[in-house]
Amino acid sequence: MNETRRKILEGLADGPATGPQLAGELGVSRTAIWKHVEDLREAGFSIESDAKGYELVDVTGYNGPAVEYGLEAPYSIEYHETITSTNDRARELAAGGAEEVAVLADEQTGSRGRLERAWNAPPGGVWVSIVRRPEVPPARAPLFTLAASVATARAAREAGVDAHIKWPNDVVVPVGDEGEYRKLVGILTEMEAEADRIGWIVVGIGVNADVDAGELPGGATSIREEVGDFDRRLFVQRLLELFYGYSDLEGVVPDWRDLALTLGQRVRVELADEEIVGEAVDVTETGALVVETDGERRQVTAGDCEHLRPT
Ligand code: BT5
């Protein structure tokens, strides 16, 4: 956000302030303050002015400055009304040396799932990709996907959605109690790494937020579909704050276990060259799924996982 505008918002955080007061504090002219206030109003900050001065009464916008305002995580937000893919843009920024940036879009026109599958991203979603440069070995990278699913499931629960996690990268809403579900969120993590060090990691999170289920593929749901009206700006802020809270990866696995729909299920996991059917019994400290099959425990680090009906 523009530095002067950020300072004006700080100046209004504790109550009304007059133009001359703000101009004096910020060392700019009253006309400059007035112009910045107009820009802020256009960005969805409801700023009233009366004899007491300017007063911030609400934030109704959904854009970079509005999401950064009051965000308790050190990410700067690059907002796009529409973009091909937030992951592609985040990768570009990461390659240029950026970190702690979140690319956020209202709509994506060419977004991707895993294995180059297409991802539907109509307007109203929360399509966000976070660039980080964590100092952890590449083997721990899958934990960032788990952290993103835990953070997103917790933010969705705070919004009133019965969100659970399906290994490895989906947040889902259960239907019935036999492991069936509707998909609310998909996560695509990409990185550049050397053998012992991660250069950058991009965690792309796609949440069907303020979207009609009719605009989504079959089997998908959205926050609006589950709970009706909700505040998309507050939701994305909570998601980013909760994800930031797992920066050191501490507590990710136990929290993941608490939210998992997959544990205890009969599953079929498709790997590149084989298929495993068995009971999902645990997830390891590096995020691998442990599947018990014919008394043998197998660890699966990547693959498509299908919940099967109990036999
Ligand atoms: C995923 O892949 O679930 C990862 C999706 C990641 C999307 C985010 S949005 C922000 C960032 N920018 C990007 O370009 N991508 C990331 P996968 O597990 O492969 O699931 C893909 C499958 O989910 C598709 O083949 C469809 O069957 C289904 N699908 C597509 N769009 C969906 C949606 N909006 N909601 C639910 N399911 C969807």
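Predicted model: local features only at pLDDT ≥ 70, side-chain atom pairs only at ≥ 80, totals over all residues.
Start at Pro168, which sits in the loop between β6 (164-166) and β7 (170-175).

Go to the loop between α5 and β4 (101-108), where Glu100 is placed. Phi of Glu100 is near 50°. That is a positive value in a residue other than glycine. Is Glu100 buried or exposed? Its relative accessible area is 19%. Buried means under 20%, so Glu100 counts as buried.

Now move to the loop between β4 and β5, the place of Glu116. Here phi is near 60°, again positive and again in a residue that is not glycine. What does the accessibility of Glu116 say? The value is 63%. Exposed means over 50%, so Glu116 counts as exposed.

Next, look at the empty space. Rolling a probe the size of a water molecule over the atoms shows where such space is left. The largest pocket has a volume of about 590 Å³. It is lined by 34 residues, and the closest to its centre are Gly113, Trp119, Asp170, Lys183 and Gly186. Which elements supply at least two residues each to this lining? They are α5 (86-95), β5 (126-132), β8 (180-194), β9 (197-207) and β14 (304-308). β8 gives the most, with 5 residues. Sort the lining of the largest pocket by class, and you get 12 nonpolar, 15 polar and 7 charged residues.

Then turn to the second largest pocket. About 500 Å³ of space lies in it. By class, the lining of the second largest pocket has 14 nonpolar, 6 polar and 5 charged residues.

To finish, follow β8 through the model. This strand gives the most residues to the lining of the largest pocket.

Note on methods:
Residues numbered from 1 in each chain as written. Heavy atoms only, no water. 1 Å grid on protein atoms, 1.4 Å probe; cavity = no way out; pocket = protein on both sides within 12 Å on 5 of 7 lines; lining within 4 Å. Points joined across faces, edges and corners; volume = space filled by probe spheres on them. Helix = DSSP H or I, 4+ residues; strand = E, 2+ residues; numbered from the N terminus. Nonpolar A, V, L, I, M, F, W, Y, C, P; charged D, E, K, R; others polar. Buried < 20%, exposed > 50% of the residue type's maximum accessible area, 1.4 Å probe, protein only.
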